[in-house]
Structure formats: structure tokens, C-alpha cells
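Subject: Structure handover

Hello,

Here is the structure we talked about. Please open it alongside these notes.

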Number of protein chains: 2
Amino acid sequence: MQEIEPGAGGGSVPALRRAVRILDLVAGSTARPNAAGLSRALGLPKSTAHGLLAAMVELGLLERGADGSYRLGVHPMRWTGGSVARTDLVPLFYDHLASRPALAAYTVTLSVREGAEVVYIGCRNSDRPLGVTFRIGMRLPAPFTATGKALLASLPDAEIAELLSGPWPTRLTPRSVGGLAALGAEIAATRAAGYSLDDGQVREDMVCLGAALRDHSGQAAAGMAISLLRSDAAPGRLPELGAMLAETARTISRRLGG
Amino acid sequence: MQEIEPGAGGGSVPALRRAVRILDLVAGSTARPNAAGLSRALGLPKSTAHGLLAAMVELGLLERGADGSYRLGVHPMRWTGGSVARTDLVPLFYDHLASRPALAAYTVTLSVREGAEVVYIGCRNSDRPLGVTFRIGMRLPAPFTATGKALLASLPDAEIAELLSGPWPTRLTPRSVGGLAALGAEIAATRAAGYSLDDGQVREDMVCLGAALRDHSGQAAAGMAISLLRSDAAPGRLPELGAMLAETARTISRRLGG
DNA sequence: ATACGTGGTTCAGTATAATGAACCGAATTC
DNA sequence: GAATTCGGTTCATTATACTGAACCACGTAT
């Protein structure tokens, strides 16, 4: 009878767990499921799903359309600010990009780390299409992404090892680094250079540079990255780009700490 | 034994309701409460609070600091996008502001309506300080704010009346309109002009102009407003500013509908 | 040293929230 | 027009998630 949940175990507050799954579903896809569809997707009895959905609507977590479908409510927006640092982070990011014309040619992303993953919370696309779209809320394994490496590099080695002690994520491309030792070298290089590099480890034809943003406490509150096509990434230019990125990150960090 | 809950009734999925209250608390103030504090604030037994909080941490809704305090987790960020329209809305807003130098002199805000309130989901401050900061997640009564009036104006009169059928919100300044009749005139003016006006009804020394953003369905998905000090708001300039705002709103709306 | 306050953990008992079967209405399909 | 599917609602039953009391661990004041 015990449902097998992979990864993380969990036994209590089922209503909350289900609500989170529903919100993930509704937010993660463009589909606008109705109550019956959600009930099926979650394997819940109809009556249970209806009760839960009604409560979620009442709480403002969901809204329901005229056709009975559910879409995300506005209430979660109250939370995306949160700590002082994070409240201001997203606007600050977009704001600052506007004042950096040199970055206009690149797709620039903002993300935070959640465990061994990075979650994208901001993105400004370049005029040059990348062939990849970073959707807000998207998650990628931290060890492969530029932002992830920049954020990991800001942690003590022991913590990195602990975070990645679980099963190593499946590689996304043949270039994806495999294993803690290889990552260690990249982390060291990141610390030395002040910026991180994802050389085709997420998408083979994409190169990304990353840097951490630090709040007043010096902690890495988030990370930013610029992404470009490999064909646009002359190797000689990367250090220059990295320096510009690191400088941008420092500027934003200063404003976070103000 | 039945706890008296004002306003909205509610009986089921208590875990979810409590989780929402906790997130509201944690996100709403800069305080970093610990488990015992939250347990007290919610009137929950310690053991219940601990179980709930542990689950919330596991789900990524909360994070716990080294000192045992709780702060907002990153998981909710996955939801703030949500529907296609809203996923793109916030970046689109910031993105578009960057290309409108004429707006740089004003504080520009983006918000959505939740019931009879507006919730701020984006803000780009002007170089000229306003003396007010619009925090993401902040809420104000819709009838007093420029955005709120613009959003209300896009609804049929009957719906407005129903939304505001409850007790009228306490006025924020002596200029705050009081009563449905007075608001009706403002709504009519908004519909005629294509933009709305808050003339010191939120803060006496602040004037705001608002306009609605419409998605592909023509529905008002959100609203934007520009805010300026009364001393900067020569009465003759308001129509001109309003026209510019309405035009900006139309442009963003078009990109929402694409 | 003792008493006290605070924050956290454990666990059996029970109030309570999830369940699923039955029922209803509407829209399709045969 | 009967049968079927689909979405939604209701309600008695029961599994289960919450409760509260007892118990640690620690720091501080008496």
C-alpha cells in the first residue's frame, strides 16, 4: 500500500505534498488541466482532488478559468520576494542588464541553487537566438551549468562533496563532466579565475560563463551566466568575457549589499 | 472547539492552509523566525509545527539557516511564472522598460489583481527617489491605486460591484475615494481616457498613472503604473504621460498575445 | 548547585480528513 | 433515443495525520 517515492522519502502532510505537485504541474507546462485531469495525473481519488483544488483556489494558489481549467494563482507571487536580498534580486538583475549594452549580444540568466540543482529565476534573451530557451523555473544539475559551478565554487569543498554525495546526475552531453574529481578541477579553476565555464556540458553547441552574486553577508545569494553559441565563442575572447561578467556580478553584488 | 476564522471560511486540508500562512509570515517580514516562534505565531502544537516545517524544508518551500531559523526556499520561484502569459510577463516587462528611455524618469510597477487588492510583481525604480518603495509581493487596495483602477475598469460594472461589495477598505490618505459611486466616476474616466489616475490616494505626495496589459484573450492579465512625485506632476503633462503609458501597455500587450 | 526557560524530539491515542462508491447532469456516440 | 463517457458532487466509513504530554539538551539566572 505504501507508495514508492523515489529519491526523497516522505510520509507526512500529504495535502501539502500534493499541492506542491499540483503547482509544479500547473506551472511547469502550458497545459491548463481540469480537476479530472489533475486527479488522474496525481493518482488521486476524484473527491480528494476536488477538495484539495477547491482549497487551493480559496487560498489563491490556483485560479480557475471559465472552462473549469486551473491555472496558477497569484498568491505565490507574494513569496518569490522573501528575504530582503531576494526580493530585490530579480528587479535588480533586469535593471542592471539594461545599463550594460555590452551584454545585449548574449542571453543572460539568473538562477539560484536548490540542492544540487540550479533553478532559473530570470532570463533576458539575446537578439541572436540560441536555440535554447531558459524558462523561469527550469532546473538543471548544478555540476554541468556555469551558474552551478560558480555557486558551488563559493562553498567549502566538504559541502560540495556532501551535496553531490548522491548518485551523480546523468550527463547531458558527451562533454558533461563526470565525477567529483573532474568537477574539483573545474571548481579550482573557477575560484582562480573568478568566473566559471560550461563548455558544452549542457548543450554541445552552447558555451556559458557564470559568476556568483553575493549579498551583504558575503554569501552567494544567486548566480548569473551568459550563454552563447560555440560558433560565436572564439577561445581567446572567453577570458575577456569572463572578466566582464565577473565585473557585472560584482556591481550587482555591491547593490545587493547596500 | 471550532476556531473562528474571519472572512473566508475553511475546513479542509489544514496542512496546506498552515503552510500558506507560514510562507506568508516568512515572506512578509524580514524576521527569520525559528520553529518555536512559528509554532507560537500559528497557535500550533510544537510537534505539529516541527512536522510541517520539516516537510516544507524537504519540499524546498523553506530553507533553514545555520541558527535554526527559517527563511523562504527557492521552490516557489518555479511557480511565479506559471501560465505562458505570466511566465513571460515579468521578463517582458523589465525587458521592455529597458527599451523605453522616456520612462526612465519614473518608477514603473507591474502588478496583478487578487480580489479587491493589487499585488506588486515587478518594479523598476527611477533615479529620482519617490520616498516610497514598492516591494515585490506588497498589496494595496485596488480602488485607490492606479493599476487597480485600470484593472477594475476592464471588468463589467456588475463584477466590480461584487468585488467591492464587502466592507470598503480604510482610506490611505484624505484623498482616497470612498464608496462605489465615486469610484464609478473614476472607472468611467479611465475607460474613456485609456489610462487611470491615482491622484494622491495612496500617498498624498504621489501621483500614479495606470494601464492594463491584455493577453491574447483580451483579458486584463496584469497592470502597470508609473509613479511620480506630485511636485513633478504638472497637471498639463498628465494626459501626455498617460498616452505614453497606454501606448507602452499596448505594445507589451501585443507581445503577450504573440 | 539548583531552578528555570527555551528549543527540540518522541510516541501512543484519537479526532479528523481522505476515501470510494453511489449519484447527477451534460455532451457524445451508436 | 438509449448507451456511454466525462466531469462533478455528496456522504458514511475508516485509515491516518495531528495532538499533547512526557522527555532530552542546553543555556542562563537565581
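A:R124 is found in strand β4 of chain A. Strands here are DSSP runs of E of at least two residues, and helices are runs of H or I of at least four, numbered from the N terminus. A:R124 is buried, with a relative accessible area of 11% (buried is under 20%, exposed over 50%, partly exposed in between; 1.4 Å probe, protein chains only). Its side chain reaches the backbone oxygen of A:L103 at 3.1 Å. Beyond neighbours within four places in sequence, A:R124 is in contact (heavy atoms within 4.5 Å) with A:L97, A:L103, A:A104, A:Y106, A:T107, A:V108 and B:D95.

Two housekeeping points. The model is predicted: local features need pLDDT of at least 70, side-chain atom pairs count only at pLDDT 80 or more, and totals for chains, interfaces and linings use all residues. Residues are numbered from 1 along each chain as its sequence is written, chains are lettered from A and ligands numbered from 1 in the order written, and side-chain values use heavy atoms, without hydrogens and water.

Now the sheet. It is open, has 6 strands and runs β5-β4-β3-β8-β7-β6 in chain A, with antiparallel pairing (a pair needs at least two DSSP bridges). Its edge strands are β5 (139-141) and β6 (196-199) of chain A, each pairing on one side only. Strand β4 (residues 117-124) of chain A pairs with β5(A) over 3 bridges, antiparallel.

Best wishes

Technical notes. A polar contact is a pair of N or O atoms within 3.5 Å; within protein, one must be able to donate a hydrogen and the other to accept it, and residues adjacent in sequence count only if both atoms are side-chain atoms.
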